[in-house]
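Here's a quick briefing on pockets and a bit of strand pairing. Have a look at the model first, then read on.

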Amino acid sequence: MTRTVPMTNGGRRYDVLVVGSANADLTVRVGRRPGPGETVPGSDLVESPGGKGANQAAAAARLGARTTLLARVGDDAYGELLLEAQRAAGTDVGHVRVEAGARTGTAMIVVGPDGDNAIVVSPGANARLSPEDVAAADALIADSAVLSLQGEVPWETTAAAARAARRAGTRVVLNPSPVPPHDLPHDLLTAADPLVVNEHEARLLSGVADGSPADRAHALRRRGARSVVVTLGADGALTLDDEGATTVPGVPAEAVDTTGAGDAFTGALAWRLAQGDRLGEAARLAVRVAAVSVTRPGAQTSYPAAEELG
C-alpha cells in the first residue's frame with residue numbers, strides 16, 4: 001500500500017525523488033577473485049534488493065526523508081522483492097512501473113575478502129525507463145525538493161529528468177555512475193548541484209589525469225557543474241561550491257562489504273540538502289552513513305536509520 005505523504009518543505013510533498021534503476025543483487029563472497037579463465041569456490045548465493053536508484057531511495061527513506069522512486073521493474077519475483085524492500089524502508093512506491101513480461105534488472109556481485117567488490121549489471125526493465133515516463137511525472141518532479149539521478153538507466157531519460165527539474169526549481173543531485181562511454185551532455189552537467197563522483201569518475205569526467213581531487217573538482221566546475229562532491233572512500237570526501245572547498249574526513253570503519261556504500265552516501269546527501277544543509281554539512285552526515293553501511297553485508301540491508309548514527 002502506498003503511504004500518504006503530507007505536504008511540507010515549502011509546499012513540496014517529497015524531500016527526495018529518485019529517478020533511476022532498481023536491480024536484484026546476486027552476491028557471492030570469495031576468498032580471492034578469479035583470474036582470467038580461472039574458477040574459484042564461493043559462498044552460497046545471496047539475493048537482495050539493489051540498483052543505484054533504489055539504493056539511494058532506500059538510504060534516504062531509512063534516514064527519515066519523505067522519499068519516492070520513479071523506476072521500472074518486471075512482473076517477476078525480483079520485482080516484488082524490490083518493491084517490498086522499498087516499502088520496508090519507507091519509500092513511496094506508487095510511481096514504480098511494473099512491466100508485464102519484462103525481467104527485473106540484476107547485478108552480479110563478487111565480494112572479496114577485503115570487502116571490495118566487482119559488479120556486472122544486466123539492465124532488464126531499467127533500460128525501458130523513458131523520457132516519456134519523465135514527462136508523465138512533471139508534477140511529481142515539481143513536488144520534490146531534491147531530484148537524485150544516476151547512470152544505470154538510459155542517459156536520455158536522466159537528461160530529461162534534469163531538464164524538468166530545472167524548470168521546476170528542483171535541486172538536482174547527479175551521480176553519473178557508471179560513467180557513460182561518451183561525455184556527459186552539457187545540460188545534464190550544468191544541472192548538477194552537486195555532481196557526485198568517486199576518484200575514478202572524477203578523473204574520467206574532468207580530463208585531469210594527474211592531480212588532486214581538488215584539482216579535478218575545480219575542473220568539473222569549470223566545465224559547468226554548479227557544485228561538486230568527490231568521494232574518497234575511507235578517507236571521506238571533498239566538496240566544492242561557491243563557498244569554496246571543504247575536506248570532510250573519513251570515519252574509521254571495519255569494512256565487511258562496500259556494495260552500495262556510494263549510494264548510501266548519495267541518498268543521505270540528498271536528504272540533508274533537502275533539509276537545507278550546506279553542502280559540506282550534508283557531506284559530513286553522508287560520510288557517517290556510508291561508514292556504517294560498509295560494516296554490514298549487502299546494499300540496502302546495510303543502511304542505517306537516523307537513530308543509529310549517534
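The second largest pocket is lined by 14 residues, with Thr 27, Val 46, Asp 257, Pro 297 and Gly 298 nearest its centre. A pocket here is an open set of points on a 1 Å grid over the protein atoms alone, where a 1.4 Å probe fits, with protein on both sides within 12 Å along at least five of seven lines; lining residues have an atom within 4 Å of a point. Keep in mind that this is a predicted model, where local features need pLDDT of at least 70, side-chain atom pairs count only at pLDDT 80 or more, and totals for chains, interfaces and linings use all residues. Residues are numbered from 1 along each chain as its sequence is written, and side-chain values use heavy atoms, leaving out hydrogens and water.

**Second largest pocket**
- Its volume comes to about 160 Å³.
- β2 and β3 (46-50) each give two or more residues to its lining, and β2 gives the most, with three.

**Largest pocket**
- This one has a volume of about 1,200 Å³.
- Its lining counts 45 residues, and Asn 198, Thr 258, Gly 260, Ala 261 and Gly 262 lie nearest the centre.
- α9 gives the most to that lining, with five residues.

**Around β11**
- Asn 198, one of the residues nearest the centre of the largest pocket, stands opposite Thr 231 in β11.
- On the other pairing, Val 230 stands opposite Leu 238 in β12.
- Strands here are DSSP runs (E, at least two residues) and helices are H or I runs of at least four, numbered from the N terminus.

Technical notes:
Pairing = 2+ DSSP bridges. Points joined across faces, edges and corners; volume = space filled by probe spheres on them.
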